[in-house]
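Here is a short briefing to read alongside the sequence and the model.

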Amino acid sequence: MSAEQEAKADENEEEQGGLDDDDGVLTLKSGGQNPKSFEVSKKDAELSKFVTTILEGDSDATTIEIRQVPPETLAHVVEYLKHHKGKEPDPLPCPVRSIHMNQIVSDKWDATWVADFDK
């Protein structure tokens, strides 16, 4: 493929956009003494009822400040949202029949994620 053909192909890809173009990116800003910003796709963030409620009121929002949440906690929330990609995980069985998360959850990543927190 010539350089001219490659340039045209690149232009066509930009015009058509990628799969995530209409998805958009949200910046979530934490509170605390040293606030931090985290980027997450709008699709991934839809798992959060808090974010969904804000986006219903302002669908063009690109930044959401969450002052009540320290950066360390928001980092865990964003990690969770990115892993699940906007899809709600399977509910836990009721009654819960084990104290071991890896025996309860259908996604073993969730068990590992929860186990990493201090008890």
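One aromatic cluster is made up of Tyr80, Trp109, Trp113 and Phe117. Please keep in mind that this is a predicted model, in which local features need pLDDT of at least 70 and side-chain atom pairs count only at pLDDT 80 or more, while totals for chains, interfaces and linings use all residues. Residues are numbered from 1 along each chain as its sequence is written, and side-chain values use heavy atoms, with hydrogens and water left out.

**The aromatic cluster**

- Rings of Phe, Tyr and Trp (its six-membered ring) are paired here if their centres lie within 6.5 Å; planes under 30 degrees apart count as stacked, over 60 as edge-to-face and the rest as tilted. By this rule the count comes to 4 aromatic pairs.
- Tyr80 and Trp109 make a tilted pair, with 6.3 Å from centre to centre and 45 degrees between the planes. Tyr80 belongs to helix α4 and Trp109 to helix α5, so this pair ties together parts that are 29 residues apart in sequence.
- Tyr80 also pairs with Trp113: the ring centres are 4.9 Å apart and the planes stand at 45 degrees, so this pair is tilted. It links distant parts of the chain, with Tyr80 in helix α4 and Trp113 in helix α5, 33 residues apart.
- For accessibility, buried means under 20% relative accessible area, exposed over 50%, and partly exposed in between (1.4 Å probe, protein chains only). Tyr80 is partly exposed at 21% relative accessibility, Trp109 is partly exposed at 24%, and Trp113 is buried at 17%.

**Helix α5 and its setting**

- Helices (H or I, at least four residues) and strands (E, at least two) are DSSP runs, numbered from the N terminus. Helix α5 spans residues 108-115, and its buried residues are Asp110, Ala111 and Trp113.
- Helix α4 (71-84) is part of what covers the buried residues of α5, where contact means heavy atoms within 4.5 Å.

**The nonpolar core**

- A nonpolar core is a set of buried Ala, Val, Leu, Ile, Met, Phe, Trp, Tyr and Cys residues joined through side-chain atoms within 4.5 Å. The largest one has 15 residues, and those with the most contacts inside it are Leu26, Leu28, Val40, Val51 and Leu74.
- At least two residues of this core come from each of β1 (25-30), β2 (37-41), α3 (49-57), β3 (63-66) and α4. The largest share, 3 residues, is supplied by α4.
- Apart from neighbours within four places in sequence, Val51 contacts Leu26, Leu28, Ala45 and Ile64.

**Two serines in the strands**

- Ser30 lies in strand β1 and is buried, at 5% relative accessibility. A polar atom of its side chain lies 2.9 Å from the backbone nitrogen of Lys36.
- Beyond four places in sequence, the contacts of Ser30 include Ile66, Val69 and Leu74.
- Ser37 lies in strand β2 and is partly exposed, at 48% relative accessibility. Leaving out residues up to four places away in sequence, Ser37 touches Thr27, Leu28 and Lys29.

**Overall layout and confidence**

- The protein has 5 helices and 3 strands, in the order α-β-β-α-α-β-α-α along the sequence.
- Of the 119 residues, 26% are buried.
- The predictor's confidence in each residue is its pLDDT, from 0 to 100. The protein averages 82, and 80% of the residues score at least 70.
- Confidence is highest in β2, at a mean of 96, and lowest in helix α1 (residues 3-16), at 49.
- Over residues 12-22 pLDDT stays under 50, and the model has 0 contacts beyond four places in sequence for them. Where pLDDT is low, the predicted coordinates should not be read in detail.

Conventions
A polar contact is a pair of N or O atoms within 3.5 Å; within protein, one must be able to donate a hydrogen and the other to accept it, and residues adjacent in sequence count only if both atoms are side-chain atoms.
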